[in-house]
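Thank you all for making time this morning. I would like to take you through one structure, going from the overall fold to the space inside and then to a few side chains.

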Amino acid sequence: MSIQLRFINRSEDNGTPDILLFVKNTAPDLDALAVAWKVIRYCGRNCYHPFVYPSEMEAGIGDEFGNHSPRLTAHGGERFAVQPRIAGQSGRQGRILRLLCRAPGRTDIELKNDLPRGAVDANVYLGGRLLATKKNVAPQQKAVFAFNPALLICTAAQIEEGDSISSAIVSGTTTELFLAGIASADIVMTGGGTGDGATDYQFNLENIRPVQPA
């Protein structure tokens, strides 16, 4: 079930800091990069920005030339593989992403490179936007992704949606907002200001409406 969210700027600032939202990969894959899933810009004081946190993810592959495969719907426990489109065909034009199986009891998503040669980028998307990536997955290597139902939010500088996240672009404290069991909520930003009275930005969920039992 998709979650209806609304970012509200109730800070003490007259400016409009960029707001970064992303999701942390909880799988022990150190090479998988967190990505700027959504960036909110120019949302002034007492203004709001509605958006949706979807429930359904997609998997896809890319390469260093900027080419991308069609995306497949991806759920926790599913194992995907990049394979030659036709047996014995190993060129870049002859590859396809296939769902291999579903692993009962698992919540992670796995993408393996089964090509005889050529690295690929393993990508996971949420709501059509890139959520996480692992670059240059070599043949017989894999990428593993797992996500809690939670958003991380902070102010940031000079970042675009789809960019990899580094500590250099995170300009404030990161807050984790847990979304399990929520149908809709407001994400309220407070704090900020100038001079001696300035404080750190704070992000809190308010007006939470829980998911109703079926």
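This is a predicted model: local features need pLDDT of at least 70, side-chain atom pairs count only at pLDDT 80 or more; totals for chains, interfaces and linings use all residues.

**Inside the model: cavity, pocket and rings**

Let me begin with the lining of the largest cavity, whose residues divide into 6 nonpolar, 1 polar and 1 charged, where Ala, Val, Leu, Ile, Met, Phe, Trp, Tyr, Cys and Pro count as nonpolar, Asp, Glu, Lys and Arg as charged, and the others, Gly among them, as polar. Residues are numbered from 1 along each chain as its sequence is written, and side-chain values use heavy atoms, with hydrogens and water left out.

For the overall picture, the protein chain has 0 helices and 17 strands, taken as DSSP runs numbered from the N terminus, with helices being H or I of at least four residues and strands E of at least two. Its C-alpha trace spans about 65 × 45 × 25 Å along the principal axes, and of its 214 residues 43% are buried, meaning under 20% relative accessible area, with exposed being over 50% and partly exposed in between (1.4 Å probe, protein chains only).

On a 1 Å grid over the protein atoms alone, a cavity is a set of points where a 1.4 Å probe fits but cannot get out, a pocket is an open set with protein on both sides within 12 Å along at least five of seven lines, and lining residues have an atom within 4 Å of a point. Grid points are joined across faces, edges and corners, and a volume is the space filled by probe spheres set on the points. The search finds 1 cavity of 30 Å³ or more, and the lining consists of Ile61, Val82, Leu111, Lys112, Asn113, Val120, Ala122 and Val137. Which strand gives the largest share of that lining? It is β10, with 3 residues, and both β10 (109-113) and β11 (120-126) supply at least two.

In the loop between β10 and β11 sits leucine 115, which is buried at a relative accessible area of 4%. Although leucine 115 and glutamine 83 are 32 residues apart in sequence, their C-alpha atoms are 5.3 Å apart in space.

The largest pocket, by contrast an open space, has a volume of about 360 Å³. Among its 23 lining residues, Tyr53, Ser55, Met57, Phe147 and Pro149 are the closest to its centre, and the lining as a whole has 16 nonpolar residues, 7 polar and no charged.

Phe147 also takes part in one of the 3 aromatic pairs, a pair being rings of Phe, Tyr or Trp (its six-membered ring) with centres within 6.5 Å, called stacked with planes under 30 degrees apart, edge-to-face over 60 and tilted for the rest. Why is the pair of phenylalanine 145 and phenylalanine 147 stacked? The ring centres are 6.4 Å apart and the planes lie at 15°, so the pair counts as stacked. Phenylalanine 145 is buried at 0% relative accessibility, and phenylalanine 147 is buried too, at 16%.

Finally, ring pairs link Trp37, Phe51 and Tyr53 into a cluster, and arginine 129 lies over the face of tryptophan 37, at 5.2 Å from the ring centre, the rule being CZ of Arg or NZ of Lys within 6 Å of the ring centre and within 35 degrees of the ring normal.
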